[in-house]
Amino acid sequence: MDFLRPDTVAEALALKAERPEAVPIAGGTDVMVELNFDRRRPAALLDLTRIAELREWSAGDGVVRVGAGVPYARIITELGDRLPGLAMAARTVGSPQIRNRGTVGGNLGAASPAGDAHPVLLAAGASVEVASTRGRRLVPATDFYLGVKRTALAPDELITAVHVPETGAPQQFSKVGTRNAMVIAVCSFAIALHPAQGRVGAAVGSAAPTPRRAADAEAFLAGELADGDRWASPRPLPDPVVRRFGELVASAASPIDDVRGSAAYRRHALSVLARRALGWAWRDYTGEVG
Amino acid sequence: MRVRLTVNGEQRHADDVWEGESLLFLLRERLGLPGSKNACEQGECGSCTVYLDGLPVCACLVAAGQAQDREVRTVEGLATGDPARGDRLDPVQEAFLAAGAVQCGFCTPGLVVAAHDLVERVPHPTDREIREALAGNLCRCTGYEAILAAVRLAARWKAGR
Ligand SMILES: Cc1cc2nc3c(=O)[nH]c(=O)nc-3n(C[C@H](O)[C@H](O)[C@H](O)COP(=O)(O)OP(=O)(O)OC[C@H]3O[C@@H](n4cnc5c(N)ncnc54)[C@H](O)[C@@H]3O)c2cc1C
Ligand code: FES
Ligand code: FES
């Protein structure tokens, strides 16, 4: 096995082009488990932790660019105001030790349907910045997840950042698990209000082969909110609207029965998570605008 | 490969390190520092917790090669003096003894490092903050009550120092 140690993104991309089979390692919280348990014996590891650029974030033009290697702990302390949904999801990841190492780039690279960053990125309308020696491109999060642990990343590409719109409006993330810490989501849900666009982003995790948007629920709620101009003069949402939203979110899922929960439980839990998260987000919005 | 790093303030190196090896293996098996324990090798138990560049991490989930040029502090590096000569342990270690927070002791080194980090950062931690800080460390023996008491005590001692 080789251990490759690039110091810059350019060096890393050159190495990845030359050795597409090299496995990138950032926080290592997924990769090392596979190595420790002999589930993977890559020909080379490509250590990304020496690359300063990947550990930086910047904001401008209403978008926050979060380097792929910014650990969850820093997203929580440094980006809680700008990206409330992502910070909420980050707070639920693993334990303090895991949050000090684990990264959104690694979450995307692993592309587990249960990854906590995914529903948030989908709801927020984020894009994944990927790069190779051929150039950089932005992949909308909706196009990034192709299947169980399969992504739009080409073999010579690395994830360099995520671009997350800074909406200034309420966002929520909610997940079901057996305890507070160290829990892989049984199912999860994220919502982001986009008042400027008169739109709502909603997405589910751990409830289908890939994280996915709940497009029918989004469209239904956008219609209800446009009706009577609720964005400009927000009032509490009628119960049937909230209930219908929950049903539509649940119907976006195609969950399976597994050790963590049954498909029926996941559908039910998603409708509850969606109702609650919408309630919290709309209450916050009403408080800010009304 | 050769890996060079700083461990508990000393420049150390190890040769013939396997590229897929963990920092935990490097510390325990190559550098003779068995304080950090190996239980799960999957980040679940926290018994391998060490400081890496000042942040508590699971040493089992850091590739040894990623520690190149970095600074590691293990439980062995917390006591400021030589305990064999009667020098003082870190207040967190003293507090674990005083509160009876150690039974079989397997989880203790990881908990001591995690608790050390908390009381260094947060002068008067609430119980919620203590529970949150120790959420990545499992103990099969104590039921945690004595551990919480030890951390409260350590925080008081550090604050009064
Ligand atoms: C105890 C424990 C608890 C956990 N709890 C949670 C949880 O609550 N929620 C959750 O979502 N996850 C959880 N995880 C999984 C893991 O921590 C996350 O998926 C994390 O985001 C991975 O980030 P990393 O930097 O450690 O990734 P790594 O392990 O370094 O990499 C993960 C994958 O992504 C690839 N990769 C990494 N960076 C890049 C890049 N820049 N470009 C291309 N590919 C890249 C790697 O090759 C690998 O395939 C947990 C893991 C452990 C061990
Ligand atoms: S051995 Fe590292 S967390 Fe259990
Ligand atoms: S004292 Fe035995 S595991 Fe904690």
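Q: Which residues come nearest to ligand 1?
A: This is a predicted model. In it, 36 residues lie around ligand 1. Those that come nearest are P24(A), A26(A), T29(A), Y72(A) and T103(A).

Q: Which residue has a polar backbone atom 2.6 Å from an oxygen atom of ligand 1?
A: A polar backbone atom of G27(A) lies 2.8 Å from an oxygen atom of ligand 1. For A26(A), a polar backbone atom is 2.7 Å from a ligand oxygen. The distance of 2.6 Å belongs to P24(A).

Q: What percentage of the area that ligand 1 exposes when taken alone does the protein bury?
A: Backbone contacts to ligand 1 include the one from A26(A), at 2.7 Å. Taken alone, the ligand exposes 980 Å². Of that area, the protein buries 92%.

Q: Which element gives the largest share of the shell around ligand 1?
A: The elements that give two or more residues to this shell are β2 (23-25), β10 (158-165) and α6 (104-110) of chain A. The largest share is five residues, and these come from α6(A).

Q: Which strands are at the edges of the open sheet in chain B?
A: Five strands of chain B form this sheet, with mixed pairing, in the order β2-β1-β5-β3-β4. An edge strand here pairs on one side only, which applies to β2 (10-14) and β4 (55-58) of chain B.

Q: Which residue in β5(B) stands opposite V7(B)?
A: Strand β1 (residues 3-7) of chain B runs parallel to β5 (residues 71-73) of chain B, and two bridges join them. Opposite V7(B) stands V72(B).

Q: At about what angle does helix α3 of chain B run to β3(B)?
A: Two helices can be described against the strands of chain B. Helix α1 (residues 23-30) of chain B lies across β1, β2, β3 (49-52) and β5 of that chain, at about 80 degrees to β1(B). Helix α3 (residues 108-121) of chain B lies across β3, β4 and β5 of chain B, and its angle to β3(B) is about 45 degrees.

How values were computed
Residues are numbered from 1 along each chain as its sequence is written. Chains are lettered from A and ligands numbered from 1 in the order in which they are written. This is a predicted model: local features need pLDDT of at least 70, side-chain atom pairs count only at pLDDT 80 or more; totals for chains, interfaces and linings use all residues. Side-chain values use heavy atoms; hydrogens and water are left out. A residue is near a molecule or strand if one of its heavy atoms lies within 4 Å of it. A polar contact is a pair of N or O atoms within 3.5 Å; within protein, one must be able to donate a hydrogen and the other to accept it, and residues adjacent in sequence count only if both atoms are side-chain atoms. Accessible areas come from the Shrake-Rupley method with a 1.4 Å probe; for residues, only the protein chains shown count as cover. Helices (H or I, at least four residues) and strands (E, at least two) are DSSP runs, numbered from the N terminus. Two strands pair if DSSP finds at least two bridges between them. Contact means heavy atoms within 4.5 Å. Axes are lines fitted to C-alpha atoms, for helices over the stretch in contact, and angles run from 0 to 180 degrees between N-to-C directions.
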